[in-house]
Amino acid sequence: MTGIAPLLQLLDTADAHGGLQTDDVLALALPLLREVSALHEQGRVAALGHAMAYRVNELPALELAQPAGAEPKRNPQAIAPLERPVASVLRVVGEERVTVEGGIGVARENLEVLPEATPDTVPQRPAYLPGYGAWEQRFAHHDALSDMLCLGQVLASLACGLDFTQGEELARFAEHRGNLFEINRRLHPVLAAVIVEMTALDRHERTRDLPSVIRRLETYRDQPLDLGLERLANPKDGAGQRRQAIQLHLRDRLFDLSRRNRLLYFKPTQAHVNLTVASVPLVVDLQSIRVDQLCVWDGRFAAEVASGDPVPLARWLRFEDQPYLPGALDRILQEARRDRAEYGLSQLSLVIAFLRWHNLKEDADERIVSPLLMLPVELARKKGVRDQYLLEAAGPEAQVNPTLRHHLRQLYGIVLPESIDLRETSIEQFHAELAAQIARTEPGVQLRLLRQPEIALIHQRARQRLEQFKRRVRERAPSALSLAATDYSYAQDDFRPRGLQLFHARVQRVPLPLAGAVGARPTPRAPQMAPQMAPQTAPAEAERQTFALRENAGNPYQWDVDLTAVTLGNFNHRKMSLVRDYSGLVESDMASEAFDRVFSLQPRQVDTEAPAVLPLAEQWPVVQADATQTAAVALARTGASYIIQGPPGTGKSQTITNLIADYVGRGRRVLFVCEKRAAIDVVFHRLRQQGLDELCCMIHDSQGDKKAFVQNLRQTYEQWLEAPSTLEAEGGERTRLLDAMDLDLRALERFDAAMREVPAHLAVTLRELVARLVALKTADPKLTPLQAEALPDYAAWRRHAELAARLHLAVTESLGAPTLAQHPFALLAPALLRQPKPLAALVEGAERAAAQSGACRDALVEAWPPLAEAGATWRDALDLVADARRVATLAARGQLALLDASIPRARR
């Protein structure tokens with residue numbers, strides 16, 4: 001073999017572009033896997049074992065250089081000594097040789113790799129060989145499992161960017177095969193798991209089903225990622241310890257620690273309103289601002305909100321200076337209502353304290369801003385000449401940001417409470433406890449409590465928000481100033497070019513009155529002058545001073561608890577209820593057989609048999625259901641856990657409704673939970689339509705639905721006490737309906753049995769025969785009863801279907817007749833065809849018939865001359881003879897006149 005293999009050229013090209021992504025790897029490898037799988041189905045193997053066995057087509061995709069494949073080679077006696085036993089007390093996961101000199105290890109060699117192997121090297125143990133080959137091929141043994149190892153090396157080479165013809169890179173793969181993420185951190189877990197299974201040196205551990213591997217790779221985004229349960233707890237540990245480890249791992253997976261999560265990396269957007277910024281007046285003199293007029297959580301505003309009474313925001317926010325406020329508050333209000341309608345709870349919170357901190361272990365220079373204390377609130381709008389916005393706290397309990405609390409516990413071991421009662425615990429006490437925990441591990445970190453607002457920074461924010469609003473208004477509204485309306489002149493005594501005027505009118509920044517609050521030099525008032533004559537006032541310097549204070553600037557070891565950035569917004573923390581449930585399970589150590597069975601490392605038996613059909617008397621359906629939905633209800637009776645999935649409109653809510661009715665009908669209790677409120681409303685509506693709403697209690701908000709729950713419970717008990725018991729009458733009615741349905745079902749079962757039965761004269765079921773007639777769609781031929789009786793039955797037709805098809809082909813192609821009945825051969829007697837020499841017998845019979853037909857023709861012409869004149873055939877003659885035989889009796893008696901309708905005696 002000469003030249004560079006196309007596979008290696010592909011690796012070099014991918015390496016020059018930064019490596020292949022998962023989708024690139026699958027686009028290249030899946031056609032190759034399908035091609036090899038097709039060879040395996042034919043009982044052949046692919047011609048693999050070296051880098052030149054693959055080529056790249058124009059798609060591009062990998063394919064076999066020899067598409068025809070090869071015959072498998074078997075030499076089990078040679079590879080048997082190298083194969084590990086199926087079951088063993090110890091499981092060897094790797095072999096190494098360490099060279100020691102003077103008590104110090106100076107060399108380490110991985111025995112699972114033969115980096116210097118030649119094409120003639122015969123390994124002494126299962127090992128990886130350079131060149132994309134399988135170790136068993138060196139023993140003249142090549143089967144489907146050998147192809148699996150070769151293909152797994154190709155997948156690993158593409159995914160990790162390694163050249164397996166190089167011993168060093170092959171050794172690197174073998175070293176990190178258990179954790180391929182050390183080589184490629186972007187590797188998808190499903191692809192990594194498939195590579196590990198396909199490249200197992202032990203043939204007993206190597207995956208055998210190539211079609212299942214293809215399906216896993218095709219649907220890798222739909223497959224659940226590996227939880228890594230085998231690494232969470234040792235199976236030798238107690239069941240309780242392992243259960244707690246799994247529960248803790250599942251709880252931690254509910255937290256999103258990426259930069260998309262605004263609960264951890266907060267960025268001000270239009271979905272949030274900074275009440276502190278909105279409460280700052282736009283003034284020129286800094287001394288005009290009073291702290292008690294600002295929305296900070298250390299003064300009069302905090303006292304009003306904590307009292308629990310509705311607080312009119314117009315009293316605090318500067319709607320006249322901040323024109324963006326009504327639209328922003330309306331958006332927040334609409335989102336809160338949508339969350340309550342969809343999920344049954346509101347996620348509207350008032351962030352009363354932010355934590356500005358640094359991740360000293362990963363990126364010490366980045367200052368992170370995270371909400372620390374969040375107070376659940378309600379926002380209402382009261383319409384009027386000027387709309388009023390009312391803010392009301394749901395209670396005095398402020399929630400500690402659950403995502404931040406979890407992240408600080410995992411990162412620094414800082415333990416924070418889930419919530420604090422603002423009536424019992426002050427912000428100062430909470431700050432002191434947090435500062436003490438930080439100082440225990442890192443005394444260098446100082447935690448400040450920012451109670452006094454930084455006025456310059458607040459002004460900067462206020463100016464930014466106003467400028468953003470004005471810019472959005474300019475983008476949305478059509479420009480009122482056209483280019484034609486620009487005042488310009490090219491006169492020699494008044495030279496004001498059009499481009500320069502446009503720059504001054506629309507591009508050049510003009511200092512706001514707010515610039516004076518941050519130390520900008522005042523702009524003197526001067527008479528209007530030409531732009532080229534205007535004095536240089538240095539507005540750029542004032543602008544730089546305005547934006548000199550950066551919000552994220554700070555010492556990595558100086559953290560802040562900021563009470564001067566009170567922010568209103570909807571924060572996504574719906575999964576926190578699941579976090580509390582997992583924490584409760586971990587603390588209580590509650591044993592659960594179902595939980596242990598679901599997360600067991602032992603393979604589960606898959607039930608392929610359909611669940612038994614429940615008797616009609618044991619079914620309690622309240623809505624219509626098909627056979628699959630009824631089977632799902634029957635499967636629930638067995639106590640098995642299963643999942644029903646499907647797109648909207650496929651009957652999932654109907655199945656859930658019947659499941660609830662089935663449990664209630666058997667005297668059981670049911671808890672039905674759902675992430676979205678709409679699904680619960682649909683099921684409750686179906687139950688209410690069947691009169692079962694009095695047995696149900698729907699709770700969307702554990703706090704807001706308490707009163708409705710108690711009232712509904714009281715009404716239900718009062719109705720039961722007032723109305724007489726109708727259980728016996730309803731039971732009798734149900735029995736009568738069941739009997740009537742049973743009769744109908746028996747009739748249907750008899751019909752179904754008849755349709756499934758195979759009569760001897762049909763040789764197929766009646767259902768198949770009807771389907772065949774529908775498929776033919778031909779008109780029923782007009783046959784006399786005698787002809788219909790002469791036809792063979794359908795079973796005979798099916799037995800001789802091939803012969804009939806050959807006969808039809810011969811008649812239509814060779815004889816030129818559309819059917820055999822229209823050809824003279826149809827008149828041949830069966831006895832003639834059974835003759836040893838049918839052709840000679842046919843000639844002899846024809847000559848004899850011709851001799852006799854002449855005398856018959858003469859006799860017919862003599863008896864009735866018009867027959868010859870009409871040019872009648874023998875068929876007409878036979879019909880005439882048949883008619884004569886029918887009237888022969890009348891002719892013998894001389895009564896032929898009775899056939900003439902014109903004779904009165906015949907009419908009588």
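Guide: Ala140 sits in the loop between strand E4 (104–110) and helix H4 (144–160); helices (H or I, at least four residues) and strands (E, at least two) are DSSP runs, numbered from the N terminus. This is a predicted model, in which local features need pLDDT of at least 70, side-chain atom pairs count only at pLDDT 80 or more, and totals for chains, interfaces and linings use all residues. Residues are numbered from 1 along each chain as its sequence is written, and side-chain values use heavy atoms, with hydrogens and water left out.

What draws the eye to Ala140 is its backbone: phi is positive, about 60°, although the residue is not a glycine. Most residues other than glycine have a negative phi, and most peptide bonds are trans. Ala140 counts as partly exposed because its relative accessibility is 44%; buried means under 20% relative accessible area, exposed over 50%, and partly exposed in between (1.4 Å probe, protein chains only).

Ala763 also has a positive phi without being a glycine, with a value near 65°. Its place is the loop between helix H24 (727–756) and helix H25 (766–776). At 39% relative accessibility, Ala763 is partly exposed. For the peptide bond itself, turn to Leu59 and Pro60, which are joined in the cis form with omega about 5°. Pro60 belongs to the loop between strand E1 (54–56) and strand E2 (62–64).

Of the 5 residues in strand E15 (residues 558–562), 4 are buried, leaving the strand mostly covered. Strand E12 (residues 446–450) runs parallel to E15, and 5 bridges join them; two strands pair if DSSP finds at least two bridges between them. Strand E7 (residues 348–359) pairs with E15 in the antiparallel sense, over 3 bridges. Val561 of E15 ties the picture together: Val561 is the bridge partner of Leu355 and also the bridge partner of Leu449.

On the surface, a nonpolar patch is formed by Val664, Val670, Leu695, Ile699, Phe709, Val710, Leu713, Tyr717 and Trp720, with about 830 Å² of accessible area together. A salt bridge here is a side-chain nitrogen of Lys or Arg within 4 Å of a carboxyl oxygen of Asp or Glu. Accessible areas come from the Shrake-Rupley method with a 1.4 Å probe, and for residues only the protein chains shown count as cover. Helix H23 (residues 706–722) gives the most to this patch, with 5 residues. Leu713 lies in that helix, H23, and is partly exposed, with a relative accessible area of 41%.

The cysteines are quickly told: the structure holds 0 disulfides, a disulfide being a pair of cysteine sulfur atoms within 2.5 Å. Cys150 is buried at 0% relative accessibility, whereas Cys674 is partly exposed at 36%.

Stepping back, the protein chain has 34 helices and 16 strands, and 32% of its 908 residues are buried. Its accessible surface comes to about 57,100 Å², with 54% belonging to carbon and sulfur atoms. Among contacts (heavy atoms within 4.5 Å) with a separation of 6 or more, 63% are between residues 24 or more positions apart.

Definitions and conventions:
Patches are made of residues with over 30% relative accessible area and no salt bridge: like charges are joined within 9 Å, nonpolar side chains (Val, Leu, Ile, Met, Phe, Trp, Tyr) within 5 Å.
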